[in-house]
Amino acid sequence: MNEFYIPYTPTAKQAMFHQSPAYEVLFGGSAGPGKTAAAVIDAFARCYFHKQTNAYVFRRTRPELLKSVLPEMFKWYPKGSYTFNDQKGIFTLANGSAIYLCTLQHEKDKHNYQGAQIDWLYMEELTHFTKSMYDYLKTRVRNAKDKNVQPCIRCTSNPGGLGHSWVKQYFIDAGPATSIIQVKTWVESRKRFEVTTKQYIPALVTENPYINDSYVLELERKPESLRRALLLGEWTAFEGQVFIEFTDDQAHYLDRRKTHVIEPFPIPDHWKRYRGFDWGFTTPFAVLWAAISPTDNKVYVYREYYGSHTGDNEGISMPSVQLAANIRKLEETERNKGIKILGFADPSIFDRRDGEGSVAEKMANEKIFFDKADNARLSGKDQFHSRFMFDEEGKPGMYFFNNCVNLIRTIKDLPYSMSNPEDVDTKAEDHAYDALRYILTSNPVPGTEPRKVPKSNYNPFKFY
Ligand SMILES: Nc1ncnc2c1ncn2[C@@H]1O[C@H](COP(=O)(O)OP(=O)(O)OP(=O)(O)O)[C@@H](O)[C@H]1O
Ligand SMILES: [Mg+2]
């Protein structure tokens with residue numbers, strides 16, 4: 001094979017990315033440190049040095065792929081080292097290796113890759129993908145024994161985007177940056193755990209000497225949250241985040257100032273109680289209980305029941321009858337004291353499906369009742385903003401007890417929708433948000449929009 005030369009001197013972080021021994025790597029952080037350049041060169045090098053191997057380079061949509069990935073490939077790949085099929089988006093090298101340009105816009109598109117044999121998987125802007133897309137593609141990365149190569153997965157991303165929460169949890173929160181972390185996965189077919197490794201390599205634009213000063217200046221001028229995300233690569237601050245005012249300050253859990261998360265306390269029996277419910281089967285369900293203080297109308301979310309084992313957007317497929325029975329158990333303390341709980345849920349649970357009873361009916365048979373909540377999305381979101389506002393004493397209109405871990409986790413990271421920029425992204429992990437929204441729209445902050453709750457067929461007090 002001809003020798004080719006790429007005039008590329010990697011930065012220290014790019015070198016760390018190329019040399020990582022980990023199976024999965026996220027090269028992430030700020031905008032502009034050379035993530036895409038490193039990824040496409042990495043793909044080329046692996047294909048070049050390992051004959052008949054396949055690199056799949058993903059970006060969520062085709063326009064993004066053409067705009068930001070393909071130009072870097074043309075910039076760096078040596079002329080004469082490949083043939084490019086622009087219909088299929090494939091670079092083929094003389095040694096039989098190939099680099100496939102791929103997109104995965106819709107969830108169902110992942111099945112287009114069912115037969116793929118991926119040696120090197122590259123995910124550009126990983127937070128644009130869902131966890132289930134990523135997990136599916138991972139199953140296509142195969143260690144073909146005859147090739148004698150170690151397959152690997154290399155991802156790049158800035159903070160933000162609809163997958164922000166799971167990417168942060170999987171790569172960033174998993175351990176100290178740059179450390180190699182073990183991932184234990186149960187492999188059913190082999191009836192054993194398999195251990196792989198992952199690594200997060202953070203990178204900053206200031207570490208890329210090849211970028212011009214005006215690019216950095218542009219990032220400096222961005223609004224604060226975007227500046228922190230794109231210039232400093234901070235995963236706790238990003239533009240897409242809906243509730244940037246949400247504050248979880250452990251130092252103030254007890255004095256309850258300038259924090260929305262607080263230490264639990266015994267709620268007086270005479271406070272009104274509410275239950276908000278967002279049903280889910282293959283996605284998580286969320287049940288939240290809140291109490292409202294009669295003196296100052298503040299909302300206290302005091303308990304959660306969340307249907308996810310994995311901490312990402314995957315449900316636990318619990319039948320609604322079982323779910324209702326579990327809710328009843330959780331409400332035993334209130335019931336024993338004769339405390340009434342008013343339930344509000346997504347109106348869709350009242351729809352009949354497949355000729356069987358609706359979810360609402362099945363739960364009502366277990367004596368768990370709901371009214372149809374006001375599902376107006378934008379006014380519901382406004383209720384959060386109104387309640388999150390701190391008064392002059394630093395006290396908000398709504399607190400979460402710190403045991404509501406999934407509510408806290410998902411509210412923090414909830415992104416804006418790309419198609420409806422004023423609203424929360426309904427494809428994100430918004431179940432706890434929805435459950436609480438149903439409670440809040442039933443108790444709007446005085447002076448904000450009046451609610452219009454549709455009439456319910458169920459009397460929540462009937463069986464008490
Ligand atoms: N080691 C390098 N040598 C020379 N130029 C480089 C190097 N690394 C990156 N560049 C150039 O710097 C610019 C920014 O790099 P790149 O687009 O890869 O950054 P990025 O981190 O992917 O940015 P974004 O966050 O916008 O996606 C590009 O023009 C790229 O070709
Ligand atoms: Mg890039």
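Helices here are DSSP runs of H or I with at least four residues, strands are runs of E with at least two, and both are numbered from the N terminus. This is a predicted model, in which local features need pLDDT of at least 70, side-chain atom pairs count only at pLDDT 80 or more, and totals for chains, interfaces and linings use all residues. Residues are numbered from 1 along each chain as its sequence is written, and chains are lettered from A and ligands numbered from 1 in the order in which they are written.

Let's begin with ligand 1. Which helices each supply at least two residues of the shell around ligand 1? Helix H2 (35-49) and helix H3 (62-76) do. H2 gives the most, with three residues. The shell counts 18 residues around the ligand. Near means that the C-beta atom, placed from the backbone, lies within 6 Å of the molecule. Gly 34, Lys 35, Thr 36, Ala 37 and Tyr 210 come nearest. By type, the shell holds seven nonpolar, eight polar and three charged residues. Nonpolar here is Ala, Val, Leu, Ile, Met, Phe, Trp, Tyr, Cys and Pro; charged is Asp, Glu, Lys and Arg; the others, Gly among them, are polar.

Now the sheet. Nine strands form an open sheet with mixed pairing, in the order S3-S4-S5-S2-S6-S7-S1-S9-S8. Pairing takes at least two DSSP bridges between two strands. The edges are strand S3 (82-85) and strand S8 (181-187), each pairing on one side only. Neighbouring strands are turned by 20° against each other on average, direction ignored. Those angles are between lines fitted to C-alpha atoms, and run from 0 to 180 degrees between N-to-C directions.

Zoom in on S4 (residues 90-93) and S5 (residues 98-103). They run antiparallel, joined by three bridges. Phe 91 has Ile 99 in S5 as its bridge partner.

The cut-offs are 20 or more for buried, 12 or fewer for exposed, partly exposed in between, with C-beta atoms placed from the backbone.

Last, helix H8 (residues 320-330). Its buried residues are Ser 320, Leu 323, Ala 324 and Ile 327. They share one side of H8, because their arc around the axis is only 100°. The exposed Gln 322 and Lys 329 are on the face turned away.

Key. Buried ≥ 20, exposed ≤ 12 C-beta atoms within 10 Å, placed from the backbone. Arc of directions from axis to C-beta.
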